[in-house]
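Please keep the sequence and the structure in view while reading.

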Amino acid sequence: MVIMTHDAGGYGSAAPPPAGAVPTAYPPPGYPGYPAPGYGPPPGYGPPPGYGPPPGYGPPPGYGPPPGYPPGYGPPPGYGPAVLKPGVVPLRPLTLSDMFNGAVAYVRANPKATLGLTTIVVVAAQLISVLVSLWPFAFTGDIAKALDGNAADVEMLISWGAASVAGYATTWLSTILLSGMLTVVIGRAVFGAGITIGESWRRLRPRLWPLIGFMALQSVALVLLLGIPIAIGVVVALAAGSGAAGLALGAVLFAVAAALAVYLFTMLAFTPAVIVLERRDIVSSIRRSFALIRTDFWRVFGIRLLAGLVAGLVAGAVSIPFNLGGQIAMTASASTAAAMIGLALFAVGGAVGQIITGPFSAGVIVLQYTDRRIRAEAFDMVLQTGAAAGPTAPPESTDDLWLTGQR
C-alpha cells in the first residue's frame, strides 16, 4: 500500500516518510491543490429521492431538541420522563385502574395493618352486636319464640327492637373506626411507607371525635331527608281521606329526596379523608369536600358507584355459604341452640364479606381524594417532594404533606 506524504520531494511522492513523521491521507490546509474555503458539491447534488424521515415525522408538540442538535431531532413520539411511583400509585393524575389496583396493592403491601386491623374490628363488632341482640332473652331462654313473629308478644318485640338498634350502633361505630384507621394506612402507602396498627390508632385518635360527629350528622340528615317525604304523604292521606293521593305525593317527594341524598352524599364523600389527613374541623372539611368534587361530580359518583357494586358483589358471594347455613339452621329446628347457630353463621358471613371488601372500599375513597387534589391543585408535585426524600426519610414526615395547600 502506497501512503501519500508531504516531504521535500513534493505532494504525491512515493518515498517513505522520515522517521517520526505521522502519516496522513490528506494534505495539510493551505497546501496547493487543497480545496478552497466555500467549496461544496456541484449544483443539484443531494440525497436520492425518498431518502430521509417519513412525512409528518417530528418531535412531540412542545418538545425541542437539545442544544447543538439539528432541527427535527428529538426522542420518539410518546417518550417522556418516567413517572415516580414510590408507593401503591404513580404520582400523577390517576385512572380508574390506578385506583382499583392501588386499593388492592396497599392491602398486599401491609396485610397486618389492613386485613389484620379489619379482622380485629369487624369480629369484635360482630360479637358485640350478636351479644347485644341476644341479651333480652339471655335469662328467659325464649329466643326461638322471639324469632317467631306470630308468637312474640309486645314486650319481647320492643326488647328485640332496642337490641337491634344497639347492635346497629355498634356496627356503625366500628365502621367509622375502621375507615379512619385505614385512611391513615393508605395515606402512608401512597409514599410506599408502612405503618403498624398501634401507630395508625395513635394518629387517628385526635381526629376520631370530629369523624364521629360528622358521621352522626350525616346519619341524622339521611333520616330526616328520607323521612320527611314519608311523613308528608301520611299527613296528606289522613287530611284528604284518600290513601292514593297521599301515596302518590309521598312517592314523588321521596324520589326527589333520594336524588338529593345521592347528590349530597357524593359531594360529602371526601369529608372523612379531609378530617383525618388534613386535620380539619367538621365545617371546613365539608366545604373542602364540596370544593374538590364540585367540578368533577359525575366522575367521582361513577367511580364510587362502580366500587360499591364490586364490593357488594364480592361480599355477597363470599357470604352465600354462611347465609345458607344460617337459614337452614333457623328453619330446620325451633330450638334455642339452632337459632343461635343460625345467628352466628349470619354474623360470620357478614364479617367475612366486610373483612375482604372493607379495605378495598376505604382505599378507593382515599385514592379518589388524592386524584382530585392532583387534578385541582397539582398536588402530585407536593407528593413528589416527599418521594424525593427517599426510603431513609422518616415516614412521619410524609404525613404533613397532606396539609399542603390548605385554604
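Alanine 378 is found in the loop between helix 11 and helix 12 (379–388), where helices (H or I, at least four residues) and strands (E, at least two) are DSSP runs numbered from the N terminus. The model is predicted, so that local features need pLDDT of at least 70 and side-chain atom pairs count only at pLDDT 80 or more, while totals for chains, interfaces and linings use all residues. Residues are numbered from 1 along each chain as its sequence is written, and side-chain values use heavy atoms, with hydrogens and water left out.

Most residues other than glycine have a negative phi. Two exceptions are set out here, with partly exposed meaning a relative accessible area between the limits for buried (under 20%) and exposed (over 50%), using a 1.4 Å probe and protein chains only.

| Residue | Phi | Relative accessible area |
|---|---|---|
| Arginine 279 | about 60 degrees | 35%, partly exposed |
| Alanine 378 | near 55 degrees | 39%, partly exposed |

Arginine 279 lies in the loop between helix 8 (271–278) and helix 9 (282–293).

The protein as a whole has 13 helices and zero strands, and 34% of its 407 residues count as buried. Among contacts (heavy atoms within 4.5 Å) with a separation of 6 or more, 69% are between residues 24 or more positions apart.

The axes of helix 6 (residues 208–240) and helix 7 (residues 243–267) come within 6 Å and cross at roughly 165 degrees, the axes being lines fitted to C-alpha atoms over the stretch in contact and the angles running from 0 to 180 degrees between N-to-C directions. The two helices are therefore roughly antiparallel to each other, a term for angles over 145 degrees. By class, their contact has 16 nonpolar, five polar and no charged residues, where Ala, Val, Leu, Ile, Met, Phe, Trp, Tyr, Cys and Pro count as nonpolar, Asp, Glu, Lys and Arg as charged, and the others, Gly among them, as polar.

The largest nonpolar core has 59 residues, of which Tyr106, Val190, Phe270 and Tyr369 touch the most other members; such a core is a set of buried Ala, Val, Leu, Ile, Met, Phe, Trp, Tyr and Cys residues joined through side-chain atoms within 4.5 Å. Helix 11 (residues 336–377) gives the largest share of this core, nine residues. Leaving aside residues up to four places away in sequence, tyrosine 106 touches residues including Val88, Leu182, Ile186 and Pro359.

Technical notes:
Parallel < 35°, antiparallel > 145°, perpendicular 65-115°, else oblique.
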